[in-house]
Amino acid sequence: MADGYEYERVLLKLSGEALAGDQGYGIDPKVVNALAVEIAEIVNDGVQLAVVVGGGNIFRGLAGAAEGMDRAQADYIGMLATVMNALALQDAFERHGVYSRVQSAINMQEVSEPYIRRRAIRHLQKGRVVILAAGTGNPYFTTDTTAALRACELDVDCLMKATKVDGVYDCDPAKNADAKRFDHISYMEVLQRGLNVMDATATSLCMDNEVPMIVFDLTKPGNIQAALRGQDVGTTID
């Protein structure tokens with residue numbers, strides 16, 4: 001176990017929107033660079049890290065379907081958007097001395113490896129960050145479900161969901177000033193209350209396979225490391 005850390009192998013779920021920063025669309029190089037600086041410190045300390053990245057900063061399949069696109073076709077476009085984000089992350093990581101591999105669930109051999117579970121685990125053991133792109137490779141599944149699935153497959157100690165809020169609330173804190181943040185909550189309560197943490201498929205998958213999750217605010221510098229060290233920077237779900 002890396003010195004001072006609560007977890008040895010973790011999976012970080014990044015939304016595509018997080019990479020857009022204040023510009024709201026596309027990839028903000030300043031945001032990606034700052035993220036790479038944090039990741040470099042964690043990996044250099046010995047934490048094994050896998051990353052699942054979304055594509056909502058470029059294209060969202062559900063949004064396309066709502067405008068009349070075929071849902072499966074729209075989801076495939078969204079999967080390709082996640083590959084763009086993965087390549088941007090890989091570039092930033094390696095500029096900061098962190099070796100990384102992009103593994104795609106859709107075969108794109110010129111820019112990525114195919115997702116192979118045993119190869120991904122071997123990369124992690126060698127200290128490389130594995131960036132998992134193209135979702136599960138199937139339409140109708142979110143990148144939250146991808147994160148839950150890969151967390152189970154890669155036998156991680158914790159799934160970290162990076163968001164723009166500092167944890168899980170009983171109602172939307174942007175709309176209700178009296179919203180209460182949970183320090184700790186069970187997956188069953190999340191499902192029963194209908195809390196919008198991850199989709200129900202992802203939540204059930206984590207619950208059934210006993211994968212704990214930390215939901216935290218990515219926009220505050222140092223929060224990834226603080227969460228991995230067991231500090232109170234978000235909500236723990238188990």
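**Helix packing and selected residues in the predicted model**

Gln90 touches Ser100, Arg101, Val102 and Ile131, when residues up to four places away in sequence are not counted. The structure described here is a predicted model. Within this model, Gln90 is placed in helix α4. Its relative accessibility is 19%, and the residue therefore counts as buried, the limit for this class being under 20%.

Helix α4, which spans residues 71-95, packs with helix α2, which spans residues 29-44. The axes of the two helices come within 9 Å of each other and cross at roughly 55°. Helix α2 is therefore oblique to helix α4. The crossing of this pair is right-handed. On the side of α2, the contact is made by Val32, Asn33, Leu35, Ala36 and Ile39; on the side of α4, Ala88, Leu89, Ala92, Phe93 and Arg95 take part. Sorted by class, the residues of the contact between α2 and α4 comprise eight nonpolar, one polar and one charged.

Helix α2 also contains Asn44. With a relative accessibility of 60%, Asn44 counts as exposed. Between Asn44 and Gly167 there are 27 Å in space, taken from C-alpha to C-alpha, and the two are 123 residues apart in sequence.

A second pair of helices is formed by α6, residues 143-153, and α8, residues 200-208. These helices pack at an angle of about 15°, and their axes are 8 Å apart. Helices α6 and α8 are therefore roughly parallel to each other, a description that applies to angles under 35 degrees. The crossing of α6 and α8 is left-handed. Helix α6 contributes Asp144, Thr145, Ala148, Leu149 and Cys152 to the contact, while helix α8 contributes Thr201, Ala202, Leu205 and Cys206. Six of the residues in the contact of α6 with α8 are nonpolar, two are polar and one is charged.

The buried residues of α6 are considered next. Asp144, Thr145, Thr146, Ala147, Ala148, Arg150 and Ala151 are buried in this helix. The buried residues of α6 pack against the strands β1 (9-14), β2 (48-53), β5 (129-133) and β6 (158-163), and also against helix α8. At the N-terminal end, α6 is capped by Thr142, a side-chain oxygen of which lies 3.3 Å from the backbone nitrogen of Asp144. Beyond the helix, α6 is followed by Asp155, whose phi is positive, near 55°.

Asp144 itself is located in helix α6. Its relative accessible area is 12%, and Asp144 is therefore buried. The side chains of Asp144 and Lys161 are joined by a polar contact of 3.1 Å. Apart from residues up to four places away in sequence, Asp144 touches Lys13, Lys161, Val197, Met198, Asp199 and Ala202. Ala202 is also among the residues of α8 that make the contact with α6.

Backbone geometry was examined in the loops as well. Most residues other than glycine have a negative phi. Tyr140, although not a glycine, has a positive phi of about 75°. This residue lies in the loop between β5 and α6. Tyr140 has a relative accessibility of 53% and therefore counts as exposed. Glu210 is likewise not a glycine, and its phi is positive, at about 55°. The loop that holds Glu210 runs between α8 and β10 (213-217). With 70% relative accessibility, Glu210 counts as exposed.

Asp232 lies in the loop between α9 (223-228) and β11 (234-237). Its relative accessibility is 56%, and Asp232 therefore counts as exposed. When its neighbours within four places in sequence are left aside, Asp232 is in contact with Arg181 and Asp183. Asp232 and Val83 are 149 residues apart in sequence, with a C-alpha to C-alpha distance of 32 Å in space.

How values were computed:
Residues numbered from 1 in each chain as written. Predicted model: local features only at pLDDT ≥ 70, side-chain atom pairs only at ≥ 80, totals over all residues. Heavy atoms only, no water. Axes fitted to C-alpha atoms, helices over the stretch in contact; angles between N-to-C directions. Helix = DSSP H or I, 4+ residues; strand = E, 2+ residues; numbered from the N terminus. Parallel < 35°, antiparallel > 145°, perpendicular 65-115°, else oblique. Left-handed = near helix turned anticlockwise from the far one by under 90°. Contact = heavy atoms within 4.5 Å. Nonpolar A, V, L, I, M, F, W, Y, C, P; charged D, E, K, R; others polar. Buried < 20%, exposed > 50% of the residue type's maximum accessible area, 1.4 Å probe, protein only. Polar contact = N/O pair within 3.5 Å; in protein donor to acceptor, adjacent residues only side chain to side chain.
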